[in-house]
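Hi everyone, thanks for making time for this.

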Amino acid sequence: MAGATIEIENLTKDYPYGFLHLKKKRSLEGLTMQVEDGEVFGFLGPNGAGKSTTIKLLVGLIFPDAGTASILGKPITDIEMHRDIGYLPEQPYFYDYLTAAEVLDYFARFHDLTAADRSERVKRMLKKVGLETAGKIQLRKYSKGMLQRVGLAQAILHDPKVVILDEPMSGLDPIGRREVRDIILELKREGRTVLFSTHILSDAEMLCDRVGVIVGGKLRGVGAPGEIVGMKTQGMEILFELPASTATSTASANAAGILAKAAKTGDRYRLQVTEEELYAALEQLRSAGAKILSVTQVKATLEEYFMHLIEADRAQAAAVEVSGK
Ligand SMILES: Nc1ncnc2c1ncn2[C@@H]1O[C@H](COP(=O)(O)OP(=O)(O)O)[C@@H](O)[C@H]1O
Ligand SMILES: [Mg+2]
């Protein structure tokens, strides 16, 4: 069996705490998942869910209490693995008084490159992340978004096949987030596999082939963003207009019941009905002189799915606390 690009098997991490570090807190519990070749995989979860813990385990910064993982067929304990992976930490820090070109040249020295190769590569990477004109400016003058792009350039300096990014969009404004998204999409076009963590659902929804949702150290679901929230529709939404002249006519009196259920914004109304009620509702609206603008399926969003998981987790945590007394 050909393994996935990233194979994670039962990965578990406990952090010691308390007096003499005698107690242990489980931060990651039996994580098993795969990231396939060439996909953009979003690792989603609220703060404290275990995203950074997983990523630090994958890049060998910390060690698991149980379980194994491999990247491109090499176990994460194999130092060779790092040739093929790029990593952006959660809050990368660079010296203020260096320029982006200097920082990248420094990191390039960790890789097997000649001086000429290094300088060519630094230029290419600065261009790739849209910093070619800012390369000679000291980092203290950079915006948060620009710094994040320096971090991305650092992560991909050695042309890694797998790129692992911890919260690459956090703390960025919409423009900065868009720029990071575009860079991730370009990495995908180049055939790289990207695993990134985020707590920003809309970014994940826009970018990812698949997402994994982690809450309280446990994986709660994996799949395409559309698939994971379930294909079940929650009904149909009818958007329509009702000219003021007809709104008071006898025809619309017949539709009074249905109009009372609709939400009005300006001249437009939105009405949510079940699939079974749809045709009858459309018929009533037509006879009331309404102009139908659109009919769309109402689906659960990733956000609703996410909130549902978090609430379930809180309820469970509360139950444990109560029974623990
Ligand atoms: N070095 C550490 N020592 C003790 N606890 C930690 C350490 N790092 C993380 N934790 C705890 O582990 C849990 C998961 O943290 P983390 O992986 O950073 O979550 P996320 O990245 O999803 O926000 C949290 O409860 C956090 O407080
Ligand atoms: Mg984190």
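**A walk through the model**

Let's start with one residue: F94 has a relative accessibility of 10%, so F94 counts as buried. Buried here means under 20% relative accessible area, exposed means over 50%, and partly exposed is in between, using a 1.4 Å probe and protein chains only.

Before going on, a word on the model: it is predicted, so local features need pLDDT of at least 70 and side-chain atom pairs count only at pLDDT 80 or more, while totals for chains, interfaces and linings use all residues. Residues are numbered from 1 along each chain as its sequence is written, chains are lettered from A and ligands numbered from 1 in the order in which they are written, and side-chain values use heavy atoms, with hydrogens and water left out.

Back to the rings. The whole structure has 6 aromatic pairs. Rings of Phe, Tyr and Trp (its six-membered ring) pair if their centres lie within 6.5 Å; planes under 30 degrees apart are stacked, over 60 edge-to-face, and the rest tilted. F94 and F107 are edge-to-face, because their ring centres are 6.3 Å apart and their planes stand at 80°. F94 sits in the loop between β6 and α2, and F107 in helix α2, so this pair ties together parts 13 residues apart in sequence. Helices (H or I, at least four residues) and strands (E, at least two) are DSSP runs, numbered from the N terminus. F107 is partly exposed, at 22%. Y106 and F110 also form an edge-to-face pair, with centres 5.4 Å apart and planes at 75°. Here Y106 is partly exposed at 47%, while F110 is exposed at 57%. Ring pairs join F94, Y106, F107 and F110 into a cluster.

S52 belongs to helix α1 (residues 51–58) and E90 to the loop between β6 (85–88) and α2 (100–108), 38 residues apart. S52 is buried at 16%, whereas E90 is partly exposed at 34%. Helix α1 is mostly covered, with 7 of its 8 residues buried. After α1 comes G60, with a positive phi near 75°.

On to the inside. The largest nonpolar core has 48 residues, and those touching the most other members are L44, V150, L165, I184, V194, F196 and V213. A nonpolar core is a set of buried Ala, Val, Leu, Ile, Met, Phe, Trp, Tyr and Cys residues joined through side-chain atoms within 4.5 Å. A second, separate core of 24 residues includes L11, L31, V35 and L195.

Last stop: a hairpin. Strands β12 (residues 263–265) and β13 run antiparallel, joined by 3 bridges; strands pair if DSSP finds at least two bridges between them. A263 stands opposite R270 in β13. Between the strands are 2 residues, and G266 in this hairpin has a positive phi near 60°.
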